[in-house]
Structures are given as C-alpha cells and as structure tokens.
Amino acid sequence: MSAKGLPEGASGPIHTFGRGISKFIVRPAFRVRVHGRERVPSSGPVVFIANHSSMVEPQLLFGMLSRRTAFLVKEELFRGFVGWFFPKLGQIPVKRGAVDRKPLMMAVKVLEDGGAVGIFPEGTRGLGDAENFERGAAFLVRAGNATVVPVATRGTYRPAGAKRRWRPRVDIMVGEPFTPAIGKGRTGLEEGTERLRIALADLVKALDEWRLEHGLQDTRQD
C-alpha cells in the first residue's frame with residue numbers, strides 16, 4: 001500500500017527522512033532564501049514546474065517545498081542502493097529523450113489521489129532560463145486536472161572551470177498558482193506547454209531582477 005500522496009511502493013517515513021536530509025544536511029551548504037512559500041496550495045493535485053541548472057535544485061526543492069512531492073528523476077540515477085532508496089522516497093524514474101508513458105501515468109495517479117508532483121520541464125541542466133520545455137508537464141496538468149505552481153531557483157549554477165564557492169547565496173521563488181485549461185490532442189498539449197514555459201520564464205526573470213536590485217550582480221552565480 002502506498003503512502004498518502006506518494007507513488008505506489010513509496011514509504012512515508014523514508015520520504016520524511018529524505019526531506020530531513022535535504023533540510024538539515026544539504027541546505028546548510030548554501031545560504032538559502034525562499035520567497036513565497038505560502039503560495040503553495042495546502043491540498044489538491046499540484047504540479048510544480050521548476051527550472052534546472054545544477055544537481056542542487058532537486059535536492060533543495062525536495063526539502064524546501066511545504067508538501068510531500070514526487071519528483072520525476074532521470075533514470076540513470078536509479079542504480080545500486082539509490083535504485084532502491086529513490087522509489088521508497090517517492091521519486092519516479094524517467095527516461096530522458098524517450099517516449100515513456102509509465103512514469104507519467106505513475107505521476108498522474110499521484111495527482112488523482114490529490115498529491116503533488118515535481119518536474120523539471122527543460123529536460124536537462126542548462127542556464128535555467130526556461131527557454132525550452134518538453135511536453136510532460138502539460139500532459140500531467142491535463143491528465144491530473146492539476147494546479148500549476150512555478151518555482152524558480154537562482155544561485156546554484158557554477159560554470160565549467162569556475163572555483164567552488166563557500167556557501168553560495170541561493171534564492172528560491174514560488175510563483176502564483178494557476179490552473180490552465182489545456183486543450184485536447186497534440187495541439188492543445190503544445191499550446192499548454194508554451195503557457196507553462198512562459199509562466200516559469202517570467203518567474204525566473206522576476207527573480208533575476210530581484211537579485212539584481214539587491215546587489216547580486218550575477219544572477220546565476222552569486
């Protein structure tokens with residue numbers, strides 16, 4: 001029997017333990033400020049869409065978000081002990097660059113049960129500017145009749161060759177929830193994907209502007 005709000009086979013206590021690791025072990029390595037945490041709906045199906053520029057965002061968001069969240073994670077990480085641990089945490093393996101409905105349907109089931117799902121629609125790490133989106137997020141929103149909550153993170157990106165920084169400043173901004181009507185068929189999915197992309201891109205831009213106003217000149221690295 002699955003834990004409430006998590007995929008089949010997940011463990012509530014292990015999920016809580018994992019979130020504790022994120023809060024009390026991972027977070028202290030950064031100076032994290034979360035803006036708008038109160039905007040996260042306390043109940044009902046939610047899809048968190050987040051930008052992605054390093055391996056740090058999934059770890060931070062897993063603990064910083066105020067709800068149990070099943071994240072879609074690249075399948076390559078599900079190996080060895082982690083291959084056992086991640087499913088117990090409630091994480092869902094997904095093949096990058098491949099059409100695989102199984103993880104999406106697992107996520108839809110979470111949403112149908114009133115849970116929350118986290119996804120990085122850019123599909124891979126980059127500058128985190130939300131310039132390109134894959135269609136999985138829009139599919140989940142449509143199939144799960146879910147509310148969308150965009151989440152922008154800045155401060156985690158470290159260019160190749162750059163020196164490791166001591167406790168870098170990281171800002172996480174939670175955007176306003178919205179429930180888009182995503183039309184039927186491929187066209188509806190593509191239009192919905194663009195709506196989600198614009199919402200996250202606008203939030204990333206707003207966070208960049210906030211950081212600039214507060215003296216963080218390099219919006220990705222400070």
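Author: Let us begin with a pair of strands: strand S1 (residues 31-35) and strand S7 (residues 169-174) run parallel and are joined by five bridges. Keep in mind as we go that this is a predicted model.

Reader: Which residues of S7 are the bridge partners of Arg31 and Val32?

Author: The partner of Arg31 in S7 is Arg169, and that of Val32 is Val170.

Reader: In which sense do strand S6 (residues 147-154) and S7 pair, and over how many bridges?

Author: S6 and S7 pair in the antiparallel sense, over four bridges; within this pairing we can look at Thr153, whose bridge partner in S7 is Ile172.

Reader: In what order do the strands of the sheet follow one another?

Author: The order is S1-S7-S6-S2-S5-S3-S4, an open sheet of seven strands with mixed pairing. S1 and strand S4 (92-94) are the edge strands, each of them pairing on one side only, and from one strand to the next the twist averages 20°.

Reader: How should I think about the side chains of a strand, and where do those of S7 lie, buried or exposed?

Author: The general idea is that in a regular strand the side chains alternate between the two faces of the sheet. In S7, Arg169, Asp171 and Met173 are on one side and Val170, Ile172 and Val174 on the other, and all of these are buried, so that both faces are covered. Six of the six residues of S7 are buried, and therefore the strand is largely enclosed by the rest of the structure.

Reader: Which helix lies across S7, and at what angle does it run?

Author: Helix H2 (residues 56-64) runs at about 55° to S7, and it lies across S1, S2, strand S3 (69-74) and S6 as well as S7.

Reader: How does one describe two helices that pack against each other?

Author: Two packed helices are described by the angle between their axes and the distance between the axes. Here the axes of helix H1 (residues 12-26) and helix H3 (residues 80-89) cross at roughly 100° and come within 7 Å, and H1 and H3 are therefore roughly perpendicular to each other. From H1, the contact is made by Ile14, His15, Phe17 and Gly18, and from H3 by Trp84, Phe85, Lys88 and Leu89; these residues divide into five nonpolar, two polar and one charged.

Key. Residues are numbered from 1 along each chain as its sequence is written. This is a predicted model: local features need pLDDT of at least 70, side-chain atom pairs count only at pLDDT 80 or more; totals for chains, interfaces and linings use all residues. Side-chain values use heavy atoms; hydrogens and water are left out. Axes are lines fitted to C-alpha atoms, for helices over the stretch in contact, and angles run from 0 to 180 degrees between N-to-C directions. Helices (H or I, at least four residues) and strands (E, at least two) are DSSP runs, numbered from the N terminus. Angles under 35 degrees count as roughly parallel, over 145 as roughly antiparallel, 65 to 115 as roughly perpendicular and the rest as oblique. Contact means heavy atoms within 4.5 Å. Ala, Val, Leu, Ile, Met, Phe, Trp, Tyr, Cys and Pro count as nonpolar, Asp, Glu, Lys and Arg as charged, and the others, Gly among them, as polar. Buried means under 20% relative accessible area, exposed over 50%, partly exposed in between (1.4 Å probe, protein chains only). Two strands pair if DSSP finds at least two bridges between them.
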